[in-house]
Amino acid sequence: MKKLILVNPAFRGHILGLIGKTLKFANPPIFSVLEAMSPKWDVKVYNQPFKVKYEKGLVGITSFTSNIYRAYKHADKFRKVGAKVIMGGPHVTFRIKEALKHCDSVVVGEVEGVWKQILKDYQNDNLKSVYYGEPKENFWEYYQNGFLKLKDTKKINAIQATRGCKFQCKFCTIHKLYKGGLRKVPIEKIVQQIDSVKPFWRTSIFFTDNNLFTDPVYCKKLFEALIPLKITWSGLASIDIAKDDKLLKLAKKSGCNRLGIGFETVNENVIKSNPGKLNLYQDYLKLIKRIKKHKIKITGTFIVGFEEDTFKSLWKLFVFTLKANLHLSFFSILTPFPGTELFDNVVKERKIKVFNWTKYDGLSLVTEHPSFNRFTIQPIFYFFRLSFLVNTTWGRILFALIILSASAYFW
Ligand code: B12
């Protein structure tokens, strides 16, 4: 049988990998897609591996920007033993030449429309350097049947209902990665996918859509279809979902227990230069209240280090998170990911200071900033990361317990 080896290199410090393995999670969703489209292949998977057996075969490597050096290392080692290596994902899509120094082929964009050809070319020893994976309206058709036939343990509970986003934020890769408008998987196909992963994952489903609320009509139909499945699910949505109270009610009824929402900032100067989803910032608190009313937890994501950010604006953000009292807040430092408008701008203006891709993980300042440098922003950033101890209910309980035990110890 023909051998296909799939590799997802470890992130920083292997920590995610370790947690993932312990919780029996989750190969990246792309592994199920590739495996579903390669039914006659013997597939071996390395998810954030500590150790890899480098051997001959067709090797597919996925990666982000932050783990790309590990990806290249694996690619080099596989090629050394005679394997053919093909890479895809959000980094190589925008850094084709860089990637081709380490692999035989790069898939630019989406893989569904080109995978069959790639397998054929590999077997004929005729792999092209670049495959342009144009967005397919029916992208799901390429893997649906294969996905349903995969062994339970090979399927993951991360389901993608739509590709694309209605917003075009300067710091986000999605509208460049999934070019064009929104594409939707027919709802009955989503139901089939969820039904097929239920035996292993029982009730917990994660939607990988960048924004579940891009098409409100589709969203409503999807939630209605989820009700009889009796699952719990979480996913990402833009805050404008909270304007529709009926939809929120339906979301809860369909099993939604958590929404990840990108609030990003409350600095009006940033919002002026990034119009779109951030325009609702003045209503954030009101909208958050509406979501909470339906007992849906919110994980808010925020970005610090926008060019317009100052000590004062970040303090305002901190006060906002105190008032918002979200279930969880997740902070990143603004990072210009290749492919974004932000990346093109900072390159043009020669503002990039760190060219080491490992640092492009949202934890470091990699560009020049008018108000901060990496030494001043880092403590502020860690302050934000620890702020769950005061801006979430469970964090405050934890904090009180720590203080109590510390006082008991020193008494
Ligand atoms: C699920 C997810 C995660 C999961 C892990 C996923 C994984 N790979 O293991 C978790 C939660 C761990 C995660 C973490 C992070 N993520 Co994330 N994540 C996503 C998300 C929501 C879905 C990805 C997905 O599974 N899509 C579905 C699958 C089927 O498709 P796909 O992976 O998009 O791949 C398509 C193509 O790229 C290509 N392809 C991809 N890989 C391969 C491999 C081969 C061999 C081939 C041929 C083709 C191919 O084909 C696919 C389908 O056509 C995307 C946003 C999105 N909606 O895409 C962000 C996204 C990938 N994440 C992103 C980021 C920035 C992060 C973080 C850095 C965030 C942070 N600040 O901490 C961290 C990274 C961890 C770290 N410490 O560095 C960025 C990536 C930007 C970049 N250039 O790196 C994205 C694009 C979000 C965004 N809005 O910009 N993430």
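**Note on the predicted model**

1. Start with a single pairing. L4 has L58 as its bridge partner in β3. Strand β3 covers residues 58-62. Four bridges tie β3 to β1, and the two strands run parallel. The model is a predicted one.

2. Strand β1 also pairs with β2. Strand β2 spans residues 41-47. Seven bridges join β1 and β2, again in parallel. One point to check on screen is K2, whose bridge partner in β2 is W41.

3. Is β1 mostly covered or mostly open? Strand β1 takes in residues 2-8, and five of its seven residues are buried. That makes the strand mostly covered.

4. Now the sheet of six strands. The sheet is open, with parallel pairing. Its strand order reads β7-β10-β11-β12-β13-β14. Which strands stand at the edges? They are β7 (158-159) and β14 (328-333). Each has a single partner strand, so one side of each is left without a neighbour in the sheet. In general, strands of a sheet pair through backbone hydrogen bonds, in parallel or antiparallel fashion.

5. Strand β13, residues 297-304, is joined to β14 by six bridges. The two run parallel. Within this pairing, T301 stands opposite F330 of β14.

6. D121 deserves a look. Helix α5, residues 115-123, holds this residue. D121 counts as partly exposed because it has 17 C-beta neighbours inside 10 Å, and 20 or more would be needed for a buried residue. Which residues does D121 contact, leaving aside neighbours within four places in sequence? They are N126, L127 and K128.

7. Next, a helix pair. Two packed helices are described by the angle and the distance between their axes. For α9 (residues 216-226) and α10 (residues 245-253), the axes come within 9 Å. They cross at roughly 30 degrees. Angles under 35 degrees count as roughly parallel, so α9 is roughly parallel to α10. The crossing of α9 and α10 is left-handed.

8. What does the contact of α9 with α10 consist of? From α9 come P216, C219, K220, F223 and E224. From α10 come L247, L250 and A251. The contact residues divide into six nonpolar, two charged and no polar.

How values were computed. Residues are numbered from 1 along each chain as its sequence is written. This is a predicted model: local features need pLDDT of at least 70, side-chain atom pairs count only at pLDDT 80 or more; totals for chains, interfaces and linings use all residues. A residue is buried if 20 or more other C-beta atoms lie within 10 Å of its own, exposed if 12 or fewer, and partly exposed in between; C-beta atoms are placed from the backbone. Two strands pair if DSSP finds at least two bridges between them. Two residues are in contact if their C-beta atoms, placed from the backbone, lie within 7 Å. Axes are lines fitted to C-alpha atoms, for helices over the stretch in contact, and angles run from 0 to 180 degrees between N-to-C directions. Angles under 35 degrees count as roughly parallel, over 145 as roughly antiparallel, 65 to 115 as roughly perpendicular and the rest as oblique. A crossing is left-handed if the near helix is turned anticlockwise from the far one by less than a right angle, and right-handed if clockwise. Ala, Val, Leu, Ile, Met, Phe, Trp, Tyr, Cys and Pro count as nonpolar, Asp, Glu, Lys and Arg as charged, and the others, Gly among them, as polar.
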